[in-house]
Amino acid sequence: MSESIRVADFVREAIAARRPVVALESTIFTHGLTRPRNVEVALDAEQRLRDSGVVPATIGVVDGTPTVGLSEQQIRMLGADDFPVVKLGLRDLPVAAAKGWHGGTTVSATALLAHRAGIAVFATGGLGGVHRGASSTFDESADLVALATLPILVVSGGVKSVLDIPATLERLETLGVIVVGYRTPRFPGFYVRDSGCDVDAVESAQQAAEVARARDGLGLRSAVLVGNPVAAEAQIDPELHDRVLAEAERAAVETGMRGKALTPFLLDHMHRATEGRSLETNVAVYRGNVAVAAEIALALVA
Ligand SMILES: O=c1[nH]cc([C@@H]2O[C@H](COP(=O)(O)O)[C@@H](O)[C@H]2O)c(=O)[nH]1
Ligand SMILES: [Mn+2]
């Protein structure tokens, strides 16, 4: 039996020295982004963190072992063409361990592993949520329930507009997840800046850090979700967005796409139907979130 969680020395040392650390997920580059941009984007996110004085800890599963602080070589391996890598949510980790799988960890699995390793801040592209039609399919991302019990701070571009955003916000409220907008009173819609839903705004990284500290002071065990809108010039034209999304949903129904294959299918469909525009937006969302997470991690150790 292998060790339950491997924490790389550089991560362990940074946490012990109270240096700022930001966790990064791996599903975004194993199953979210198209190749070969995926590995480039993953390594670029790490470099941006280092450039702002923050230690990156990309999290994934290698040979069944959940690993906090993947090496560059491991990131290249998990993101390589034709490499057998499984999309792993929280509940998949024990099966992956027993079977020795390689895996990209989703927000739910990454949040657990980051928290266990002692990391307080985590950057992702977009969180999973309640899928449209969930009242009959029950398809709601495990990300939501995971965030209800993991006291971490996640920076996300909101939830993807392929989801039912108002329903997702209702579920987050029920689950006690603390939701704020980063310098905006509107919850972002990932590909677009404004989902049309209201949230409380935090005005700075310091204020976001204050929210996390106050949560800890109260002994609350839920996550803080910081919704950070994509830069205005990078959002997809809302009209194009709505049209392409409707097509993607139709294609998903027609091909009977469901379960954990649904989110990657919808993303891939959007990428192709917008001739790569949505991929560029996805990358811009992620970069923006990494930058905000770095500032919050710095504020938390200040
Ligand atoms: O920009 C992205 N954000 C998020 C994801 C992934 O999609 C997962 C949600 O999948 P599901 O809906 O199957 O729970 C998230 O946790 C995350 O890992 C992605 O690929 N690309
Ligand atoms: Mn699902």
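Mentor: Contact means heavy atoms within 4.5 Å. This is a predicted model, in which local features need pLDDT of at least 70, side-chain atom pairs count only at pLDDT 80 or more, and totals for chains, interfaces and linings use all residues. Residues are numbered from 1 along each chain as its sequence is written, chains are lettered from A and ligands numbered from 1 in the order in which they are written, and side-chain values use heavy atoms, with hydrogens and water left out.

Trainee: Which residues does Lys160 touch?

Mentor: Not counting residues up to four places away in sequence, Lys160 touches Gly126, Leu127, Ile165, Phe190, Thr263 and Leu267. Its side chain also reaches the backbone oxygen of Gly126 at 3.3 Å; a polar contact is a pair of N or O atoms within 3.5 Å, where within protein one must be able to donate a hydrogen and the other to accept it, and residues adjacent in sequence count only if both atoms are side-chain atoms.

Trainee: Is Lys160 buried or exposed?

Mentor: Lys160 counts as buried because its relative accessibility is 8%. Buried means under 20% relative accessible area, exposed over 50%, and partly exposed in between (1.4 Å probe, protein chains only).

Trainee: Which residues does the UniProt annotation "active site" cover?

Mentor: In the unreviewed UniProt entry, that annotation covers Glu25 and Lys160. Such annotations may be inferred rather than shown by experiment, and the positions are given in the numbering used here, with feature names shortened.

Trainee: Where does Glu25 lie?

Mentor: Glu25 is in the loop between strand S2 (21-24) and helix H2 (27-32). Helices (H or I, at least four residues) and strands (E, at least two) are DSSP runs, numbered from the N terminus. Glu25 counts as buried because its relative accessibility is 6%. A polar atom of the Glu25 side chain lies 3.3 Å from the backbone nitrogen of Thr27. Leaving aside neighbours within four places in sequence, Glu25 is in contact with residues including Thr58, Phe122 and Tyr286.

Trainee: Changing topic, what about His241?

Mentor: His241 is placed in helix H11 (residues 238-254). It counts as buried because its relative accessibility is 4%. Beyond four places in sequence, His241 touches Ser161, Tyr191, Val192, Ile236 and Met270.
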